[in-house]
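Visitor: I have the model open. Can we go through some of the contacts and packing?
Guide: Go ahead.

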Amino acid sequence: MKHEESPANEDQPGALWEPGEEAAKGSGTPFRNEVNELYAHEQAGRHLGSLLTDLGERNLYDAAAQCNRCGYCETSCPTYMLTGRETISARGRNQFVRMLIEGSARNTGAAEESLSTCLLCGACSSACYAKVATPDIVLEGRRALTGYGDNFFARAAINTLLNAPRLFAFWLRLAYLAKRTGLPRLAAKMGLYDFIGMPGLAEAEGSVDEAPLRFASEILAEDPELKSENRKEINWGYFAPCGPNFLFTGVALATARVLKAHAGAGILIENQCCGLMAHNYGRLDDAREFARRNIARWEELRERHGDFAIIADCSSCAAFMKSYEQLFTADHEWRPRARAFAAAVKDILEFLPPDRDWKADLAALERAGTVTYHDSCRACHGQGIRQEPRAVLRKLAGRRYKELPESDWCCGGAGAYAFTQPDLSRQVLDRKLRNIASVQASTVVVGGTSCLAQIGAGLRSAYPSARAVHYSVFLDEVSKK
Ligand code: SF4
Ligand code: SF4
């Protein structure tokens, strides 16, 4: 029987999901021909061998099948709540992946939309009793999309970042220089942002006052206090994620100052990119190579210094590094090394002890006004970090601290989501801005650089009396050293 596709039944799960003759392998499908190999572990170059879920190690099919379609997570899912469309809820997405593997998804266009519109925020997993790993499942499904990860610019950027990081920095500097000389459109036209694989950066860098011409890792490498050869025992090593390193340099410098003031001795790790960009673009071999280099660098430093915490000040990168083991489930040599590395990773949000005697600079606190805290998705849903930063902020800000309604609702930044899904992203952001306005906050503290760019830009256009600041910057400005 040939199924007719009709917009009228587009959001009727039964109509979309009942097994049909037109399997995902059919011509014209937006998915790769070998979509059923999603199930096969041999596709390790493009797909993860298996997922490490809260219920244990599972192949993709079994992980998606853990979703019993109870719908308990529906009201946590921003894309479902905004549209009321079942196909773009966690339940719909898990079901699509399962049916793609079975070859029984007949509306593959709807499956593509379903997977492409997911924020990967993880709110559904937090709400789910079975802890279904929907963001990982969705990413695996996306990797089966035709052309996904084969984009020339993404390939060039990741290769350059991996094999010629100085050249990457050179191109980025050129783009920023064009902006400084009043030629930001020229930089965009020259394709510089595309070249470095960050087409959204043209807008994101508009959210910092001045795009940096010296990157944080270059500045911090000159600090004698942070040099490994000048230190013996240390408590921490600063891992500079790409956002703070290349864009929000002030965040990285503030993190280093705050760590030095409140966490004892430490060093600059001189790391590579964590590999998250390669991972999300479906270039898993490159992501593994970034991971191997970072693990080897940490092992070398641990030989010299003993155990220390790896501190990252972007929650997306910290959460990703905590999941390194998942990149190596079929690799007996690297799997235990990745697990040991992941155990040492700490988000700056959780590392600074709340029970310390935090004291505020009253003039700085006065300038900050009413303070609130936005939970970055990869902090609260990805790492379970909720109480630690709040405890520190409450100690510092006292009565000026106000809880943000729906603080763990995504802001719509979600990496490149603001640029790939601008309408949905804007709607998600508007809800966040309304919540910020409802507590009349002047300072919104965040832990992810994507949130910093997204909420910062939203506040500037809709609510300019408030500003978004990174947790490290807030502590650097307000806490007494
Ligand atoms: S993801 Fe979890 S909560 Fe959501 S429908 Fe599936 S089983 Fe239920
Ligand atoms: S990750 Fe976020 S957007 Fe995606 S299904 Fe889950 S709650 Fe919805």
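Visitor: Leaving aside neighbours within four places in sequence, what is valine 445 in contact with?
Guide: Valine 445 is in contact with Val371, Tyr373, Leu393, Val469, Tyr471 and Phe474. Contact here means C-beta atoms, placed from the backbone, within 7 Å.

Visitor: Which residues of the largest nonpolar core touch the most other members?
Guide: Val445 is one of them, along with Tyr238, Ile311, Ala312 and Cys410, in a core of 140 residues. A nonpolar core is a set of buried Ala, Val, Leu, Ile, Met, Phe, Trp, Tyr and Cys residues joined through C-beta atoms within 7 Å. Buried means 20 or more other C-beta atoms within 10 Å of the residue's own, exposed means 12 or fewer, and partly exposed is in between, with C-beta atoms placed from the backbone.

Visitor: Where do these coordinates and numbers come from?
Guide: This is a predicted model, in which local features need pLDDT of at least 70 and side-chain atom pairs count only at pLDDT 80 or more, while totals for chains, interfaces and linings use all residues. Residues are numbered from 1 along each chain as its sequence is written, and chains are lettered from A and ligands numbered from 1 in the order in which they are written.

Visitor: What pLDDT does the protein chain average?
Guide: The average is 84, and 83% of the residues score at least 70; pLDDT is the predictor's confidence in each residue, from 0 to 100. Over residues 1-27 the pLDDT is below 50, and this stretch has 34 contacts in the model beyond near neighbours in sequence.

Visitor: Ligands next. Which residues are closest to ligand 1?
Guide: Cys67, Cys70, Tyr72, Cys73 and Cys128 are the closest of the 16 residues around ligand 1. A residue counts as near if its C-beta atom, placed from the backbone, lies within 6 Å of the molecule. The largest share of that shell, 3 residues, comes from H4. Helices are DSSP runs (H or I, at least four residues), as are strands (E, at least two), numbered from the N terminus.

Visitor: And which are closest to ligand 2?
Guide: Cys77, Ala90, Cys118, Cys121 and Cys124, out of 15 surrounding residues. Helices H3 (78-83), H4 (90-102), H6 (123-127) and H7 (134-142) each supply at least two residues of the shell around ligand 2. H4 and H6 each supply at least two to the shell around ligand 1 as well.

Visitor: How do the residues of the shell around ligand 2 divide?
Guide: Into 10 nonpolar, 4 polar and 1 charged. Ala, Val, Leu, Ile, Met, Phe, Trp, Tyr, Cys and Pro count as nonpolar, Asp, Glu, Lys and Arg as charged, and the others, Gly among them, as polar.

Visitor: Is leucine 120 buried or exposed?
Guide: Buried, with 20 other C-beta atoms within 10 Å. Glutamine 440 is partly exposed, with 13.

Visitor: Why is H26 largely enclosed by the rest of the structure?
Guide: Because 10 of its 14 residues are buried, among them Cys451, Leu452 and Ile455.

Technical notes: Contact = placed C-beta atoms within 7 Å.
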